[in-house]
Amino acid sequence: VAAVQQALSSLGGVWRYWSKGGHAEGVLGLRHSFRLVLPVSAALVVSLASYRISLLYNAVSFAQVVKGLNPLFALICSAALLRERSSPARTFSLLLLVAGVGTATATEID
């Protein structure tokens with residue numbers, strides 16, 4: 001199932017690239033795009049592999065808590081690395097997410 005998901009995601013990315021006129025840039029544009037996307041792709045592969053491995057050694061509930069906090073991590077990274085500011089609505093929704101994860105985690109503690 002995971003392989004099918006990744007294949008469909010890759011095909012969607014290629015389709016979007018071609019539909020936005022990426023093929024018109026030629027080989028040099030493709031090489032530049034490849035250099036930009038490669039670190040992100042590597043991080044995605046490491047993330048997926050580490051998630052699958054964590055399921056072998058941790059409880060599923062813990063893995064889901066960590067996975068549920070991914071949007072918060074993305075917000076922090078985009079603010080720190082890209083200097084992007086988040087809208088108040090997005091920040092509030094992430095605070096609700098963190099509160100929900102905290103509540104779910106507190107009920108799991110034995």
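At 42% relative accessibility, Val 66 counts as partly exposed; the class lies between buried, under 20% relative accessible area, and exposed, over 50%, with a 1.4 Å probe and protein chains only. Val 66 sits in helix α3, residues 60–68. Helices here are DSSP runs of H or I with at least four residues, strands are runs of E with at least two, and both are numbered from the N terminus. The C-alpha atom of Val 66 is separated by 9.2 Å from that of Tyr 51, 15 residues apart along the chain.

The model is predicted: local features need pLDDT of at least 70, side-chain atom pairs count only at pLDDT 80 or more, and totals for chains, interfaces and linings use all residues. Residues are numbered from 1 along each chain as its sequence is written, and side-chain values use heavy atoms, with hydrogens and water left out.

The protein contains five helices and zero strands. Its elements run α-α-α-α-α from the N terminus on. Of its 110 residues, 8% count as buried. Accessible areas come from the Shrake-Rupley method with a 1.4 Å probe; for residues, only the protein chains shown count as cover.

A nonpolar surface patch is formed by Val 4, Leu 8 and Leu 11. Together these residues have about 320 Å² of accessible area. Patches are made of residues with over 30% relative accessible area and no salt bridge; like charges are joined within 9 Å, and nonpolar side chains (Val, Leu, Ile, Met, Phe, Trp, Tyr) within 5 Å. A salt bridge is a side-chain nitrogen of Lys or Arg within 4 Å of a carboxyl oxygen of Asp or Glu. Leu 8 belongs to helix α1, residues 2–19. Its relative accessible area is 56%, so Leu 8 is exposed.

Two buried serines were examined next. Ser 54 lies in helix α2, residues 26–57. Ser 54 is buried because its relative accessible area is 18%. A polar atom of the Ser 54 side chain lies 2.7 Å from the backbone oxygen of Tyr 51. A polar contact is a pair of N or O atoms within 3.5 Å; within protein, one must be able to donate a hydrogen and the other to accept it, and residues adjacent in sequence count only if both atoms are side-chain atoms. Ser 78 is found in helix α4. With a relative accessible area of 18%, Ser 78 is buried. Its side chain reaches the backbone oxygen of Leu 75 at 3.0 Å. Leaving aside neighbours within four places in sequence, Ser 78 is in contact (heavy atoms within 4.5 Å) with Arg 83 and Glu 84.

Helix α4 covers residues 70–81, twelve in number. From its first C-alpha to its last, α4 reaches 16 Å, close to the 16 Å expected at 1.5 Å a residue. The expected span is 1.5 Å times one less than the number of residues. Arg 83 follows α4 and is found in the loop between α4 and α5. Arg 83 is not a glycine, yet has a positive phi of about 60 degrees. At 67% relative accessibility, Arg 83 counts as exposed.

Ser 93 is placed in helix α5, residues 88–108. Its relative accessible area is 37%, so Ser 93 is partly exposed. The C-alpha atoms of Ser 93 and Leu 72 are separated by 9.9 Å, and the two residues are 21 residues apart along the chain.
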